[in-house]
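The report that follows is meant for a reader who is meeting this structure for the first time. Please keep the sequence and the model in view while reading.

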Amino acid sequence: IRSKKDFLALTPVELQKSLGMGTIALSYLAKSFFYEEEPIGFICIEMNKNQKLNTLAKELLQIFSEELRQRLVDLNREKNILRKYFSNQVITRLITTPNYEERFLKAREEEIGIIFADLSGFTKMSEQILKTPERITNFINKWAKGVVSRVFPLDATLDKIIGDGVMILFGPPFYNSSKEEIVKHMLQASQQIVTFTKSFLESPQNADIRNHPDYNRFGVSIGINYCHCIVGLIGPNNDLTAFSSGVNITARLQGLAEPNEILVSESVKSIATKSNDNWQFSEKKSTKVKNVKEPLGYYNFIPNL
């Protein structure tokens, strides 16, 4: 019956015909939105001809319907929260695992991969081209959704959208990936983010951006790191995030990167060069970092675009 349009609103007669049933007792399930109700399912019971439900059976059906309706509402609420961080495939795996919050989301120390990606030149773009709050918001939403849709298949988790940038996590506790797989996925993701951003800026809807004299200064700058972190649901709002000095280093790498440039930490470069993939990097560079004794070493990742 799912092939039928608005199948949740089918009448009892239509349901009987669709399901090939005889006499039925029907209970609709709905969730309330202010003064309206949205159908989310139904319970359909087939009975012998001319049979009716007695009072006890009706009460049991009502209790079962309410319990099932509440569970569906709670499940949808859980899914909506998890959608902020995970792909639908991961959400399905999580919610079908008993005690998944304790097993996968409780804060713990792990070695993970981190990407910071930020739109270069966005302040000037906003002030001189996009201008209106509506267009600025629409621009960021489309760009961020495009980035997320490309990194989710690479076992990525969205930590947060920070203004005109995104923070993305790779690896445990949500995925059982080796450090080699994590680094491979991060490098692939960074290439896809750069490619998508270029095509996004070159789309017809952004023709005025391409005509700006500083167009070559617009793009995406990316920092990549692999490090120890505390990761999981953290803080008063139980937000999924990661924190450590390694997170700060990743943000600093992103801040050093030029438009459409990808900078990686020494740990990422070391893991990548030991793999069988033919990744290309520049010679080592270093820079002094505020409040850090040792200079920050890093490499340019040369993507195969």
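This is a predicted model: local features need pLDDT of at least 70, side-chain atom pairs count only at pLDDT 80 or more; totals for chains, interfaces and linings use all residues.

Lys-284 lies in the loop between strand E9 (280–281) and E10, whereas Glu-266 belongs to helix H10 (residues 266–273), so the pair ties together parts that are 18 residues apart in sequence. Lys-284 counts as partly exposed, at 47% relative accessibility, and Glu-266 is likewise classed as partly exposed, at 38%.

## Other salt bridges

The structure holds nine salt bridges in total, and two further examples can be described here. One of them joins the side chains of Arg-69 and Glu-66, with an N to O distance of 2.8 Å. These two residues are separated by about one helical turn, because they stand three residues apart in helix H2 (residues 55–82). Arg-69 counts as buried at 18% relative accessibility, since buried means under 20%, while Glu-66 is partly exposed, with a relative accessible area of 40%.

Another salt bridge brings together the side chains of Glu-102 and Lys-106, where the N to O distance is 3.3 Å. Glu-102 is partly exposed at 42% relative accessibility, and Lys-106 is also partly exposed, with a relative accessible area of 45%.

## The surroundings of Ser-265

Ser-265 lies in strand E8, which covers residues 262–265, and Ser-265 is buried, with a relative accessible area of 5%. The side chain of Ser-265 makes a polar contact of 2.7 Å with the side chain of Asn-225, and the Ser-265 side chain also makes a polar contact, at 2.9 Å, with the side chain of Ser-267.

When neighbours within four places in sequence are left aside, Ser-265 is in contact with Ile-224, Asn-225 and Tyr-226, as well as with Leu-253, Gly-297 and Tyr-299.

## The surroundings of Lys-285

Lys-285 has its place in strand E10 (residues 285–287) and is partly exposed, with a relative accessible area of 35%. Although Lys-285 and Tyr-298 are 13 residues apart in sequence, their C-alpha atoms are 5.4 Å apart in space.

Not counting residues up to four places away in sequence, Lys-285 touches Leu-296, Gly-297, Tyr-298 and Asn-300. With Asn-300 there is also a polar contact, in which the side chains of Lys-285 and Asn-300 are joined at 2.7 Å.

## Two nonpolar cores

Which residues touch the most other members of the largest nonpolar core? Among the 46 residues of this core, they are Ile-115, Phe-139 and Leu-187. Helix H7 (residues 179–201) supplies the largest share of the core, namely 10 residues. A second, separate core consists of 24 residues, including Tyr-85, Tyr-100, Leu-105 and Leu-233.

Leu-187 can also be described through its own contacts: apart from residues up to four places away in sequence, Leu-187 touches Ile-224, Val-264, Val-268 and Ala-272, together with Trp-279, Phe-281 and Phe-301.

Note on methods:
Residues are numbered from 1 along each chain as its sequence is written. Side-chain values use heavy atoms; hydrogens and water are left out. Helices (H or I, at least four residues) and strands (E, at least two) are DSSP runs, numbered from the N terminus. Buried means under 20% relative accessible area, exposed over 50%, partly exposed in between (1.4 Å probe, protein chains only). A polar contact is a pair of N or O atoms within 3.5 Å; within protein, one must be able to donate a hydrogen and the other to accept it, and residues adjacent in sequence count only if both atoms are side-chain atoms. Contact means heavy atoms within 4.5 Å. A nonpolar core is a set of buried Ala, Val, Leu, Ile, Met, Phe, Trp, Tyr and Cys residues joined through side-chain atoms within 4.5 Å. A salt bridge is a side-chain nitrogen of Lys or Arg within 4 Å of a carboxyl oxygen of Asp or Glu.
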